[in-house]
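Subject: the structure I promised

Hi,

Here is the structure I said I would pass on. Have a look at it first, and my notes follow below.

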Amino acid sequence: MIAFLQRLVWSSTYRRAKLLLRFAEVEADGGHDLVRAAEVTRDPILRKLFLRHASDEAHHAALFRRRGLDLLRSGQAQTAMTAPPWLAPGERGLDDVRIDEQQEEKLLAFLHLSEKAAARDFASYAKVLERDPDTRAVFQMILRDESFHMRYTHQQLIRLEPRRHAQILWRARRSRLWRLYLRLAGGIGALFGAVMLSVQYFVLLPPFALLARRAARSEPEGWRAVADDRARRLTSQY
Ligand SMILES: [Fe+2]
Ligand SMILES: [Fe+2]
């Protein structure tokens, strides 16, 4: 089912272009976060890795932007239907991180799970893009870096927390699932609200509209003369 929806999402060139441009923003944002992480860490190994990671994300942003703009310039017709972010999230698309408030081990766990999700998602997008080999090649190129990010964050977490790394990862996974649930619940709530409003509009309102029309028909048309004594009353308009 998800594969079918993804194929549908990526089938339109215009939608593909918009998605790639959104991914470019997410990658650039992730790169800024990693520069900040490199600034605040006191660990020289992590600083070096975070800077390399930040430069990779900036490169990914440039690749996505270039390909997205190329697709937009190809002059394909616009489509009104856009893809919801939960169906095609970019890297860290469902999460945001506050670098200054995070402990290093928690940040590494967060990054590891985000990179893992990105690697899985990008592999599935590449799979459904057989008709667009250029966009597929962009995903395949980026996928190699994401796999490296996924591995180094895990290795560094084990280095910093040799005994507690599994527990930290489990907690990070739990809070990621919780955020996912909140977003899903919000989406379902919005959908339910739209259905209820449509029902009110198409089922409850028509009888009132008919009654109003019938009442309007029984009213005489044009101006009506008002009796003199009523017209002179200062306490009433009529
Ligand atoms: Fe990336
Ligand atoms: Fe990455």
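Let me start with one residue: Asp43 is buried, with a relative accessible area of 12% (buried means under 20% relative accessible area, exposed over 50% and partly exposed in between, with a 1.4 Å probe and protein chains only). Asp43 also takes part in a salt bridge with Arg159, where the closest N and O atoms are 2.8 Å apart; a salt bridge here is a side-chain nitrogen of Lys or Arg within 4 Å of a carboxyl oxygen of Asp or Glu. That pair links distant parts of the chain, 116 residues apart: Arg159 sits in helix α5 (residues 133-160), and Asp43 in the loop between α2 and α3 (44-73). Arg159 itself counts as partly exposed, at 36% relative accessibility.

Some housekeeping before the rest. This is a predicted model, so to speak of local features I need pLDDT of at least 70, and side-chain atom pairs count only at pLDDT 80 or more, while totals for chains, interfaces and linings use all residues. Residues are numbered from 1 along each chain as its sequence is written, chains are lettered from A and ligands numbered from 1 in the order in which they are written, and side-chain values use heavy atoms, with hydrogens and water left out.

The overall picture

The protein has seven helices and zero strands, counted as DSSP runs numbered from the N terminus (H or I of at least four residues for helices, E of at least two for strands). The radius of gyration is 28 Å, well over the 18 Å that the globule rule gives for 238 residues, so the protein is more spread out than a compact globule. For that comparison the radius is taken over C-alpha atoms, and the rule is 2.2 Å times the number of residues to the power 0.38. Along the principal axes, the C-alpha atoms fill a box of roughly 95 × 45 × 30 Å.

Of the 238 residues, 35% count as buried. If you take contacts between residues at least 6 apart in sequence, 79% of them join residues at least 24 apart (contact means heavy atoms within 4.5 Å). The protein exposes about 15,800 Å², with carbon and sulfur atoms supplying 58% of it; the areas come from the Shrake-Rupley method with a 1.4 Å probe, and for residues only the protein chains shown count as cover.

On charges, the mean positions of the 40 positive and 28 negative ones are 5 Å apart. Lys and Arg count as positive and Asp and Glu as negative, with His and the chain ends not counted; each charge is placed at NZ of Lys, CZ of Arg, CG of Asp or CD of Glu.

More salt bridges

A search of the whole structure turns up nine salt bridges. One of them joins the side chains of Glu39 and Arg36 at 2.8 Å, N to O. Both residues lie in helix α2, three residues apart, or about one turn of the helix. Glu39 is exposed at 53% relative accessible area, whereas Arg36 is partly exposed at 35%.

Some buried residues

Leaving out residues up to four places away in sequence, Ala17 touches Gly68, Leu71 and Leu72. Its C-alpha is 7.4 Å from that of Arg67, though Ala17 and Arg67 are 50 residues apart in sequence.

Ala37 belongs to helix α2 (residues 13-40) as well, and is buried at 1%. Beyond its neighbours within four places, Ala37 is in contact with Phe50, Ile99 and Leu107. Ala37 and Ile99 are 62 residues apart in sequence and 6.0 Å apart in space, C-alpha to C-alpha.

And which residues does Glu161 contact, leaving aside its neighbours within four places in sequence? They are Glu105 and Ile168. Glu161 is found in the loop between α5 and α6 (165-218), and is buried with a relative accessible area of 17%.

Cheers
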